[in-house]
Amino acid sequence: MTHPPTPFACDCPQDLPASGVRTGLSVSDLKQSFLDNLFCALGRVPMGATRNDAYLALALCVRDRMLRQVVRTMEIYAEQDVRIVAYLSAEFLPGPHLANNLLNLGITEVTRQAMAELGLDLADLLEQEEEPGLGNGGLGRLASCYLDSMASVEIPAVGYGIRYEFGIFDQTIKDGWQMESTDKWLRFGNPWEVARPEIAYDVPFGGRTETWSDEQNRHRVRWIPATVVKGVAHDTPILGYRVGTCSRLRLWKAEAVESFDFDAFNHGDYYRAVEDKMHSENITKVLYPNDEAVQGKTLRLQQQFFFVTCSLQDMLRIHLLLERPLECFHEKWAVQLNDTHPSIAVAELMRLLVDEHQLDWDTAWHVTRNTFAYTNHTLLPEALETWPLGLFGHLLPRHLEIIFEINARFLAEVRARFPGDDARLARMSLIDERGGSHIRMAHLATVGSHHVNGVARLHSELLEKTVMHDFAALWPEKFCNITNGVTPRRFVAVSNPPLAQLITRRIGDGWLCNLDKLRALEALAEDAEFQQQWREVKLTAKRDLAVLIGKRTGITVDPASLFDVQAKRLHEYKRQHLNVLHILTLYLKLKRDPLAEVPSRTFIFGAKAAPGYAMAKLIIKLIHCVADVVNADPAVRDRLKVVFLPDFNVKNAQHIYPAADLSEQISTAGMEASGTGNMKFSLNGALTIGTLDGANVEIREEVGAENFFLFGLTADQVGELQASGYQPNEYYKRNGGLREVLDFIVSGALADGDSQLFRPLVDNLRWHDPFLVLADYQDYVECQERVSALWSQPQEWTRTSILNVARMGKFSSDRSIREYCEHIWRVQPQPVAWQQPKCRNPF
């Protein structure tokens, strides 16, 4: 892809770089800095610059204003000897940086004016930005919300992860089927990162261990690896909202220790000359390789160990550079493990402390257990990572020995507490001996951490009752809940400026850093003038999304219709197919009775299915087939529309959340850890239809039961029904409406007469239905009728929408971070002033 030149105005000579300040915030300063970067950093002149050149120049202009604060922030941390949070996550989904950084600097409108005076449209430059697809979904977006909040509430922090060359796949649709293509997010460069080649660490793999005795005759172990790669740091500044704190996201890129073998080259073996480089760089080549094959599993474990050891070595380097003793490492670093992916850190820190820095085992274990805390994000067994013992030992032989030792000491503790309970020992062991030996990484993280938290109250309760029941019985004080949150800066102020401006005009702008202040909107919920303004803001967002839908799909939708949205990762437990069953219920109802009272609705889906997840891909195909039939039928096409908006990501989500009227949060109760899309929709004025699952429970409590469309079995009822022998086909036989819909799906009417295409999906629902779609169907349909009834009362709907927003204060990621600081990290805010850096810093 190429970008044509975008000529723009310039009142300085085009053959000379303009001189001027690099950090000023006035219109003239920004114009001068923009031109400086265009000339000096990109080597371009305005007449020949493409839109991408202009975007890069503006991004560098903004980055200049952030980097000074990065340096100053790190200096303050060193001077004050603060405790720093290190957030370890295999995923980060930051979304586009430019708009968020302009907001946090407070220069959005000044920049808009500066660009306009240069003949450029800021909106075009914002659209030009490529999104870093460094995550799969909610896990990575949560990590990025937390980095934003840690900077905004001025918590000393650094994020550590992987600089994937290719992120989560780009999704296109062909004949209704999902197609994946490479996410080349770096193809036009990344102006936000700063490569730090001087900060690099060796990462060993494979080989063997050998024992030896040191000068004091102490038993030591030496790891002799088969291969070594190098991890190189790349830093992205993360600026807080209207504060001086600018934290850092440090991502690691894999490189060969020696990129070129001259000896092989000179002997004519040109492939072997670069072989090490190719093999080494594969480690950070792509986000989440397909791990169905052994090679994929190996690469995924390599990725996890790679970024963990680089991050821990980096922390130890900084710690020692500040002349701190290693025995107090845990007093200066609070390391959060975001899910099980970084849990190998427990064994790796032990290796580094014992083998590399010669601490004794007990001291090292005390440091390790007081350094780490672990966030669990799922109750699904397949998401609680395990590694085959043989694979793990082949790749990380020293870590296997350390895990065996940790396990032996841990099981001795369990035996002392629960003597004679062999079944408990088997359940709690770090090694699962059933069906081939596997290492249980969630168990390792739990044993090696001082706290374990769930991410919503229900999730934390279920965590202690189910997968971590034995550990909670042993260490009840270790478990706690921190309900997830989202940043209102990105998901309201950046995503929905008209709504943010309306709120600010009425209650001031303090809500952006204290979301509880939204409560002041309650007094306006029945104000007729404010309601009208609220509806106008929502209609504007819906019109914008309608334009985007038309461009991306060719489907024309009515912005006045109810926008019913389900946008999230495609998984059976999230039950997009339950939504489809309701659409077909309405469609068949209108076919039988064209005069039926069915308000005009536009059903909007956004979802990516994992490349190897056949059933999820079949559900995407079903959505498209339903859309083809419904949208083409003249009897209903003015009443119902179905849209699948491809390539759901943060950038597209920023168009979707503001436009939604109804938010579909319909997962099987007890399956969703928390969810954060539910919070983003509600913050933008969507009403929620949902089950008592994840954070839905707490959202309903906050907004009021009367302002939430509740349906479905509770988590306890789900467990009871499954335990009693759930027979989904009985629901099919007893419910005529459900039977009509399922029979219609397999009739061939949706697939040009092919009655077998969706047979696997329907058979799975009738005879297995692991996520109780059929059990919740009737309650869901009846709840949707309540939605339609309220939609027919615009004033009451608007009132409810306003109250939803007013009562979402709890769900700010700022609140989550403050709770982590209080209950888990024991870290205090450290303000940073806006001023020039004054000395070299060790970070």
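Predicted model: local features only at pLDDT ≥ 70, side-chain atom pairs only at ≥ 80, totals over all residues.
Residues are numbered from 1 along each chain as its sequence is written, and side-chain values use heavy atoms, with hydrogens and water left out. Local features need pLDDT of at least 70, side-chain atom pairs count only at pLDDT 80 or more, and totals for chains, interfaces and linings use all residues.

Helix 3 (residues 98–105) has 7 of its 8 residues buried, so it is largely enclosed by the rest of the structure; buried means under 20% relative accessible area with a 1.4 Å probe and protein chains only, and helices (H or I, at least four residues) and strands (E, at least two) are DSSP runs numbered from the N terminus. The buried residues of helix 3 include Leu98, Asn100 and Leu105, and they pack against elements including helix 2 (51–80) and strand 8 (227–239), where contact means heavy atoms within 4.5 Å. Just after helix 3, Gly106 takes a positive phi of about 75 degrees.

Arg250 is found in strand 9 (residues 246–256) and is buried, with a relative accessible area of 0%.

Helix 3 is also among the helices that each supply at least two residues of the lining of the second largest pocket, while helix 21 gives the largest share, 9 residues. The lining divides by residue class as follows.

| Class (members) | Lining residues |
|---|---|
| Nonpolar (Ala, Val, Leu, Ile, Met, Phe, Trp, Tyr, Cys, Pro) | 21 residues |
| Polar (the others, Gly among them) | 10 residues |

Technical notes:
Buried < 20%, exposed > 50% of the residue type's maximum accessible area, 1.4 Å probe, protein only.
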